[in-house]
Amino acid sequence: MSQPVPCFVLVLHGGAGVIERDRLSVEEGARIHADLEAALATGEGILAAAGSALDAVQAVVVALEESPRFNAGKGAVYTADGAHELDASLMEGHSRRAGAVAGVRTVRNPIALARAVMDHSPHVLLVGAGAERFADTQPQIARVDNAWFDTRTRHAQLLQEQARERQAQAVSLKGAYFGTVGAVALDLHGHLAAATSTGGMTNKRYGRVGDSPLIGAGTWADARVAVSGTGWGECFIRCAVAHDIAARMAYGGACLEEAAEAVVMQAVPALGGDGGAIAVDVQGNIAMPFNTAGMYRGWIARDGSRGTAIFGA
């Protein structure tokens with residue numbers, strides 16, 4: 001019997017629940033598709049050259065962090081104080097190595113600092129001022145003033161959310177976020193990795209941290225599957241979304257599609273949450289479920305087919 005030909009698989013997302021179909025112009029939609037495709041091409045180049053899944057997902061997320069169209073890096077949303085606090089994590093499946101940062105303010109690409117935590121510290125998660133001090137010891141980490149993350153679009157969203165909050169006289173978390181970015185990959189060596197990065201929730205307070213930098217909630221990779229989530233972080237934490245998908249496969253015998261659908265389409269909504277996830281298993285199967293109006297996403301499948309999309313069918 002002939003052995004299967006090694007293949008690589010790459011999936012990315014730029015956030016779920018991001019925009020309604022009738023509010024997205026043709027021009028802006030084209031720019032989003034172009035950014036998604038450019039990020040795909042970045043990861044594809046690494047994987048096609050037999051690079052690691054870990055390097056590929058990091059590079060894809062850096063590309064998305066550099067775009068102002070996604071809530072990560074340059075496109076990060078504003079806190080209630082008018083600043084930006086960014087979170088990121090990544091995990092390598094076969095080694096279970098992981099790195100994460102939360103609440104950083106001067107790191108241009110938080111996913112790169114998460115990788116530095118993985119590679120150059122004994123820890124998994126560093127937060128706030130401590131993460132910034134660690135970044136001071138890493139000369140390869142690009143630094144910027146917090147104002148570098150300012151964009152007119154995100155500022156308008158902050159003002160809109162604050163006006164809505166005043167009118168309602170209560171904080172409503174649902175719908176107050178604008179997605180995250182993430183990537184999952186299977187490389188030619190049969191290894192998996194996942195990465196996630198976000199600016200968090202618009203108008204967030206008190207150093208709020210969501211699921212994106214939490215291993216097992218927003219990001220997970222093991223020898224079987226890699227997952228990156230996007231959505232209402234509080235519910236994703238309470239559901240341990242990324243790990244739950246993996247656990248349903250490991251202990252319940254579910255296939256990737258069954259596990260991802262059960263968590264995203266049933267478990268998360270049961271708690272009142274919404275969002276989506278991307279996942280790839282070691283056989284190269286892909287899942288991209290979401291229960292919102294749309295999810296920015298792109299993929300290169302094991303047969304070489306590729307695409308980008310924003311809404312459902």
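Where is Ala240 found?

## Ala240 and its loop

In this predicted model, Ala240 lies in the loop between helix 6 (233–239) and helix 7 (241–250). The phi angle of Ala240 is near 45°, a positive value in a residue other than glycine. With a relative accessible area of 31%, Ala240 is partly exposed, because that class covers values between 20% and 50%.

Strand 2 spans residues 86–92. Seven of the seven residues of strand 2 are buried, so the strand is largely enclosed by the rest of the structure.

In a regular strand the side chains alternate between the two faces of the sheet. Both faces of strand 2 are covered.

Strand 2 is joined to strand 3 by five bridges, and the two run antiparallel. One of the paired positions is Leu86, whose bridge partner in strand 3 is Val104.

Strand 2 is also joined to strand 6 (residues 192–198), here by six bridges and again in an antiparallel arrangement. Within this pairing, Met91 has Ala194 of strand 6 as its bridge partner.

## The hairpin turn at Arg96

Strand 2 and strand 3 form a hairpin, with five residues between them. The phi angle of Arg96 is near 60°, a positive value in a residue other than glycine.

## Thr230 in strand 8

Thr230 belongs to strand 8 (residues 225–231). Its relative accessibility is 0%, and Thr230 therefore counts as buried, the cut-off for that class being under 20%. The side chain of Thr230 makes a polar contact of 3.5 Å with the side chain of Thr180.

## A nonpolar surface patch

Which residues form a nonpolar patch on the surface? The patch consists of Val124, Leu125 and Val127, which together have about 230 Å² of accessible area.

Val127 is placed in strand 4 (residues 125–127). At 49% relative accessibility, Val127 counts as partly exposed, because a residue is classed as exposed when its value is over 50%.

Methods: Residues numbered from 1 in each chain as written. Predicted model: local features only at pLDDT ≥ 70, side-chain atom pairs only at ≥ 80, totals over all residues. Heavy atoms only, no water. Helix = DSSP H or I, 4+ residues; strand = E, 2+ residues; numbered from the N terminus. Buried < 20%, exposed > 50% of the residue type's maximum accessible area, 1.4 Å probe, protein only. Polar contact = N/O pair within 3.5 Å; in protein donor to acceptor, adjacent residues only side chain to side chain. Patch = residues over 30% accessible without salt bridge, like charges linked within 9 Å, V, L, I, M, F, W, Y side chains within 5 Å. Areas by Shrake-Rupley, 256 points an atom, 1.4 Å probe, with all protein chains shown as cover. Salt bridge = Lys/Arg side-chain N within 4 Å of Asp/Glu carboxyl O. Pairing = 2+ DSSP bridges.
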